[in-house]
Amino acid sequence: MQNFDFYNPTQIVFGQDRLAELDKHIPQNAKVMVLYGGGSVKKFGTLDKIASALGSREVIEFGGIEPNPKFDTMMKAVEIVQAEKVDFLLAVGGGSVMDGTKFVAFASTADSEHHTLLFHGFNPVPVSEALPLGCVVTLPATGSEMNPFGVVTYNDQKYPFMSPLVFPKFSFLDPDLTRTLPDEQVANGVADAFVHVVEQYLTYPVHGMVQDRFAEGLLKTLVEIGPTTLADKDDIDARKNFIWSATMALNGLIGSGVPHDWATHMIGHELTAMFGIAHGRTLAIVLPSLLRERKEQKREKLLQFAERVWEINEGSDDEKINSAIDKTEAFFNSLGIVTNLTHYGINDSDIDTVVANMEKMGLTALSETGDLTLDIVHKILTAAK
Ligand code: NZQ
Ligand code: ZN
């Protein structure tokens with residue numbers, strides 16, 4: 001196991017009918033901005049419940065955060081926060097709203113000439129303070145509710161950022177709030193969480209026995225509850241496990257002390273930026289093809305994945321590995337996700353453009369060892385056609 005620091009200060013408030021407890025978690029005298037997306041939380045009554053929990057506090061609403069939140073949209077919120085002297089941010093929505101809110105949290109405290117410098121890949125952003133924020137999660141997927149990451153779209157490119165300053169103070173995880181999700185979003189969320197686990201697990205062995213077994217437990221849970229969550233909106237146990245798996249998949253725990261390979265995410269982000277394909281879906285398209293291409297580099301962990309997650313115990317090592325990758329792709333397909341690029345209208349020249357854009361973004365040495373070049377990205381995408 002590698003050396004690591006593990007730090008996660010986010011308080012989780014888990015369960016049904018607990019929104020009234022927001023009152024306990026936000027200072028009584030706070031001026032609160034409630035941030036949300038395209039309107040689902042208004043339509044389904046969540047904002048009303050939140051307004052009543054916030055009681056007499058002064059509240060400003062900021063709606064219209066789009067999926068894959070844009071820098072310009074979030075800067076409008078920053079202007080209001082600064083003008084109105086807001087001192088607490090409450091994100092109500094999925095990953096896009098939570099990430100956008102994190103950006104507002106630190107951009108509001110930074111000088112304007114620094115706003116575009118806030119994207120520094122996964123290096124900490126150059127700010128020393130941020131407004132406190134909390135989350136009410138309506139879409140389990142990204143893990144943003146319990147991590148220090150965010151992704152904002154700037155000049156048609158997706159920029160990840162990271163700062164321990166933007167860990168949410170708390171996150172409410174209520175399975176009932178996810179019952180209005182369309183099937184497509186449930187499928188995307190399951191795929192996103194599954195791939196988060198895979199990218200911290202399917203690398204090379206470092207004898208992180210705890211991390212491996214947590215990761216395998218999460219993967220097996222997602223395989224079990226993905227279809228049951230889709231099949232029955234009232235299966236509250238499935239929903240609870242879906243939410244908790246998604247949070248645990250990217251809150252730092254399983255990724256501590258082990259190598260990471262975020263290549264699928266980096267390629268996926270480009271597919272979202274260029275073609276608007278939803279985040280989770282891009283990952284389901286890229287991952288099977290990437291695993292087939294990277295069989296040799298990931299051989300030992302792929303075998304472990306085959307035996308422990310998919311319980312494949314017959315056949316040669318190669319047969320087990322091939323079957324595990326096929327089962328992974330079939331799992332995504334069973335959720336209703338089509339995993340070939342042509343279905344999304346993407347052709348050879350588009351693949352060339354994806355690769356060229358990744359080069360512009362400096363994404364030229366991906367994987368757990370930095371050996372995944374753009375030629376290999378090209379091969380992965382071509383095989384995913
Ligand atoms: O905007 P509204 O009207 O609320 O509708 C949303 C949106 O259209 C809808 N939705 C959310 N909750 C709902 C609901 N509809 C009905 N009922 C509900 N309960 O779902 C749509 C998609 O929402 P979005 O927030 O965009 O999805 P997701 O949670 O998948 O977030 C994706 C974003 O997170 C980033 C992605 O890059 C992308 O920008 N990521 C953030 C990460 C992080 N912070 O750690 C890691 C991830 O890998 C990812 O990159
Ligand atoms: Zn993701």
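How many nonpolar, polar and charged residues does the shell around ligand 1 have? By class, ten residues of that shell are nonpolar, 19 are polar and three are charged, where Ala, Val, Leu, Ile, Met, Phe, Trp, Tyr, Cys and Pro count as nonpolar, Asp, Glu, Lys and Arg as charged, and the others, Gly among them, as polar.

The model is a predicted one, in which local features need pLDDT of at least 70 and side-chain atom pairs count only at pLDDT 80 or more, while totals for chains, interfaces and linings use all residues. Residues are numbered from 1 along each chain as its sequence is written, chains are lettered from A and ligands numbered from 1 in the order in which they are written, and side-chain values use heavy atoms, with hydrogens and water left out.

Ligand 1 is surrounded by 32 residues, of which G38, S40, G95, S96 and D99 are the closest; a residue counts as near a molecule if one of its heavy atoms lies within 4 Å of it. On its own, ligand 1 has 960 Å² of accessible area, and the protein covers 88% of it, the areas coming from the Shrake-Rupley method with a 1.4 Å probe. Helix 5 (95-107), strand 6 (149-154), helix 6 (183-201) and helix 9 (263-275) are the elements that give two or more residues to this shell, helices (H or I, at least four residues) and strands (E, at least two) being DSSP runs numbered from the N terminus. Because domain 1 (11-177) and domain 2 (183-383) both contribute residues to the shell, ligand 1 lies between them; the domain bounds come from an automatic or database domain assignment.

The zinc ion, ligand 2, is coordinated by D192 through OD and by H196, H265 and H279 through NE2, at 2.0 to 2.1 Å. Donors here are N, O and S atoms within 2.8 Å of the metal (3.2 Å for Na, K and Ca), and since water is not among the atoms, sites may look incomplete. Along the chain the donors follow the spacing D-x3-H-x68-H-x13-H. D192 lies in helix 6 and H265 in helix 9, so this pair ties together parts that are 73 residues apart in sequence. Both D192 and H265 are buried, a term that means under 20% relative accessible area, with exposed meaning over 50% and partly exposed in between (1.4 Å probe, protein chains only).

The side chain of S367 places a polar atom 3.1 Å from the backbone nitrogen of G370, and a polar contact of 2.7 Å joins the side chains of S367 and D371. A polar contact is a pair of N or O atoms within 3.5 Å; within protein, one must be able to donate a hydrogen and the other to accept it, and residues adjacent in sequence count only if both atoms are side-chain atoms.

Most residues other than glycine have a negative phi. N68, however, has a positive phi near 60°; N68 is placed in the loop between strand 3 (58-62) and helix 4 (71-84) and is partly exposed, at 22% relative accessible area. K85, in the loop between helix 4 and strand 4 (88-93), has a positive phi of about 55°, and K85 counts as exposed at 64% relative accessibility.
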